[in-house]
Amino acid sequence: MPFMTWKESYSVGIQEIDQQHKVLFDMVNELYDAMREGKGKDVIVNLLTELFKYTKYHFKTEEGIFTKYHYSKAEDHLKEHLELKVKVETLLEDLNSGKTSISIKVFNLLKDWISIHIFQKDMLYAKELEGKVK
């Protein structure tokens with residue numbers, strides 16, 4: 001059973017971004033399932049590596065849209081992106097230095113990212129850019 005299920009009410013109205021957000025839902029659910037089965041350590045290396053790549057790709061997409069459509073709160077949003085990137089990089093460094101008990105930290109980061117960043121912060125640009133992005 002998934003920890004979080006995508007609903008259309010989570011949509012920012014930009015198909016490319018919504019598809020990328022669904023990847024994040026998949027990641028949190030994959031880690032949740034693995035942790036429930038006592039296999040968090042088995043998936044954490046690949047998942048965190050993918051999350052690192054995902055942040056770069058996803059943020060580049062959002063930031064390109066902000067620039068193209070002159071999102072008024074882009075500067076504040078970009079600061080949050082930087083904070084999230086740093087958190088992911090720190091977790092990856094922890095993992096690479098031998099710390100293997102970080103599954104719960106990664107899970108909480110993903111959960112919070114969805115519930116705070118996507119559900120609240122991303123909805124701000126969704127309202128402002130509604131109907132502009134094609």
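At roughly what angle do the axes of helix H1 (residues 15–36) and helix H4 (residues 103–129) cross?

## Helices H1 and H4

In this predicted model, the axes of H1 and H4 cross at roughly 155 degrees and come within 10 Å. Angles over 145 degrees count as roughly antiparallel, and H1 and H4 are therefore roughly antiparallel to each other. Their crossing is left-handed.

On the H1 side, the contact is made by Ile17, His21, Leu24, Phe25, Met27, Val28, Leu31, Tyr32 and Met35. The H4 residues in the contact include Ile104, Phe107, Leu110, Trp113, Ile114, Ile118, Phe119 and Tyr125. By residue type, the contact of H1 with H4 has 17 nonpolar, two polar and two charged residues.

## Helices H2 and H3

Helix H2 (residues 40–69) and helix H3 (residues 74–96) have axes that cross at roughly 165 degrees and come within 10 Å. That angle makes H2 roughly antiparallel to H3. The crossing of H2 and H3 is left-handed.

Among the H2 residues in this contact are Ile44, Leu48, Phe52, Thr55, Phe59, Glu62 and Phe66. H3 contributes residues including Ala74, His77, His81, Leu84, Lys85, Val88 and Leu92. The contact of H2 with H3 comprises 14 nonpolar, four polar and four charged residues.

## Aromatic pairs

The whole structure contains 13 aromatic pairs. In one of them, the ring centres of Phe66 and Tyr71 lie 4.9 Å apart with the planes at 45 degrees, so the pair is tilted. Both Phe66 and Tyr71 are buried.

Trp6, Tyr10, Phe25 and Phe119 are linked into a cluster by ring pairs. Of these, Phe25 of H1 and Phe119 of H4 also take part in the contact between those helices.

Methods. Residues numbered from 1 in each chain as written. Predicted model: local features only at pLDDT ≥ 70, side-chain atom pairs only at ≥ 80, totals over all residues. Heavy atoms only, no water. Phe/Tyr/Trp six-rings, centres within 6.5 Å; stacked < 30°, edge-to-face > 60°. Buried < 20%, exposed > 50% of the residue type's maximum accessible area, 1.4 Å probe, protein only. Axes fitted to C-alpha atoms, helices over the stretch in contact; angles between N-to-C directions. Helix = DSSP H or I, 4+ residues; strand = E, 2+ residues; numbered from the N terminus. Parallel < 35°, antiparallel > 145°, perpendicular 65-115°, else oblique. Left-handed = near helix turned anticlockwise from the far one by under 90°. Contact = heavy atoms within 4.5 Å. Nonpolar A, V, L, I, M, F, W, Y, C, P; charged D, E, K, R; others polar.
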